[in-house]
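Opening the notebook on a new model today. I want to go through the charged pairs, then a hairpin, then the rings.

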Amino acid sequence: VIRVSFRMYFQWILIMSIPNEHDLLLLGNLIIDEIYSIPEWEGEEGTSNLFNSHGTSIGGIGNIIRALSGSQLEIFVEASIGHNHREMVKGFLSIQKVNSKLHHAAKSSEALILANIQSSERTSFVNWSIPRITLSSDIKSKWVHISYLDTSSPFDFESLRKNAEIISADLCLSNPSRKQRDFILSQLHNLDVLFVSKAELRPLLMNSDFTIGNIIRFVNHHALKTLIYHSKYQTILVRGNGCHFIHNDDVLDQINVLGAGDVFSANFIWHQLINPESSMNKSIEFANGQVLSYLIQSN
């Protein structure tokens with residue numbers, strides 16, 4: 001006969017009722033990348049253009065998880081995935097020791113990516129699936145990051161804010177429709193940090209001059225707390241009426257830059273989580289250096 005005291009019983013009830021707490025909750029669109037690395041793009045019609053290599057990878061959230069592998073952060077993923085890629089994603093998350101709640105989607109988001117090694121650029125053609133995620137109310141996290149906010153259904157930020165100290169997001173569309181653009185702009189006031197590339201930011205600025213003054217006005221007009229613009233040439237952090245620049249002198253040529261933006265975001269988040277008193281300026285400097293190291297190691 002197993003005897004359990006009332007005290008032990010109520011302690012167990014209390015433990016089971018405490019929400020799961022994580023360092024980082026990753027939400028949004030899991031995307032399957034089909035990647036073709038092209039040594040030199042000529043693109044002539046009717047010819048057999050060659051590629052160096054081909055691979056399948058989990059992009060977006062997957063890139064962030066790989067960048068944080070071994071970081072000791074407690075990570076939870078809540079995202080949608082199509083049935084045909086479910087086992088692949090589950091296997092990846094298991095190897096990375098990341099807990100998850102995967103929602104069923106009619107199909108996965110899939111990208112055909114041409115990585116131009118000669119010019120260190122890439123082009124993507126994506127068939128998007130719009131995830132509809134019902135957030136688990138029992139999951140609490142220090143930081144929530146939304147991957148591809150512009151391809152997600154609306155989040156309940158009021159509920160999300162109850163379970164998160166900081167909310168960040170990134171974008172992926174360089175040519176959003178007017179409806180998509182309006183949706184993005186309507187969400188910005190809910191964010192603490194937005195990560196963007198030049199291609200994603202320009203349509204939001206309505207193709208006005210890409211100047212610091214315009215970016216600062218944009219950030220303040222939409223009540224966005226922090227905007228971080230990252231490219232291989234420079235990184236800019238805009239917060240209120242202030243900004244911080246990093247110019248990248250060590251620009252690498254003829255490399256595959258796929259996933260560099262996700263690696264930057266991951267390292268910025270990591271640095272902020274383990275150094276909560278550190279300034280964001282220090283964190284973008286750290287993240288910038290980590291991206292350079294990542295590109296050198298992966299090429």
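This is a predicted model: local features need pLDDT of at least 70, side-chain atom pairs count only at pLDDT 80 or more; totals for chains, interfaces and linings use all residues.

**Entry 1: overview**

I looked up the overall make-up before going into pairs. I find 9 helices and 13 strands in the protein. Of its 299 residues, 47% are buried. I also checked how far along the chain the contacts reach. Taking contacts with a separation of 6 or more, 62% are between residues 24 or more positions apart. The accessible surface is about 16000 Å², and carbon and sulfur atoms own 51% of that.

**Entry 2: Asp23 and Lys142**

How far apart are the closest N and O atoms of Asp23 and Lys142? I get 3.2 Å, and the two form a salt bridge. Asp23 sits in strand E1 (residues 20-29) and Lys142 in strand E8 (residues 139-147), so this bridge ties together parts 119 residues apart in sequence.

Is Asp23 buried or exposed? Its relative accessible area is 15%, so I put Asp23 down as buried. Lys142 comes out at 42% relative accessibility, which means partly exposed.

**Entry 3: Lys90 and Glu87**

Lys90 and Glu87 meet through their side chains in a salt bridge, at 3.9 Å from N to O. Helix H3 (residues 86-95) holds both Lys90 and Glu87, and their spacing of 3 residues is about one turn of the helix.

For cover, I have Lys90 at 40% relative accessibility, so partly exposed. Glu87 has a relative accessible area of 58% and goes in my list as exposed.

Asp192 and Lys225 make a side-chain salt bridge, 3.8 Å from N to O. Asp192 lies in the loop between helix H5 (178-187) and strand E10 (193-196), while Lys225 lies in the loop between helix H7 (212-221) and strand E11 (227-230), so the bridge ties together parts that are 33 residues apart in sequence.

I checked accessibility again: Asp192 has 12% and counts as buried, and Lys225 has 37% and counts as partly exposed. Which residues are linked with Asp192 in a network of salt bridges? I get Arg161 and Lys225.

**Entry 4: a hairpin**

I left the charges and went to the strands. Strand E12 (residues 234-239) and strand E13 (residues 242-247) run antiparallel and are joined by 6 bridges. One position I noted is Thr235, which stands opposite Ile246 in E13. E12 and E13 form a hairpin with 2 residues between them. I looked up the turn too: Gly240 there has a positive phi of about 65 degrees.

**Entry 5: rings**

How many aromatic pairs does the structure hold? I count 7. Phe195 and Phe268 are one of them: the ring centres are 5.6 Å apart and the planes sit at 80 degrees, so I call the pair edge-to-face. Phe195 has a relative accessible area of 5%, so buried. Phe268 is at 0% relative accessibility and counts as buried.

Then I turned to Trp270 and Phe286, which form a stacked aromatic pair with 5.4 Å centre to centre and 25 degrees between the planes. Trp270 belongs to helix H8 and Phe286 to helix H9 (residues 280-298), so this pair ties together parts that are 16 residues apart in sequence. Trp270 has a relative accessible area of 22%, so partly exposed. Phe286, at 24% relative accessibility, also counts as partly exposed.

Tracing the ring pairs on, I get a cluster that links Trp143, Phe195, Phe264 and Phe268.

Notes. Residues are numbered from 1 along each chain as its sequence is written. Side-chain values use heavy atoms; hydrogens and water are left out. A salt bridge is a side-chain nitrogen of Lys or Arg within 4 Å of a carboxyl oxygen of Asp or Glu. Helices (H or I, at least four residues) and strands (E, at least two) are DSSP runs, numbered from the N terminus. Buried means under 20% relative accessible area, exposed over 50%, partly exposed in between (1.4 Å probe, protein chains only). Two strands pair if DSSP finds at least two bridges between them. Contact means heavy atoms within 4.5 Å. Accessible areas come from the Shrake-Rupley method with a 1.4 Å probe; for residues, only the protein chains shown count as cover. Rings of Phe, Tyr and Trp (its six-membered ring) pair if their centres lie within 6.5 Å; planes under 30 degrees apart count as stacked, over 60 as edge-to-face and the rest as tilted.
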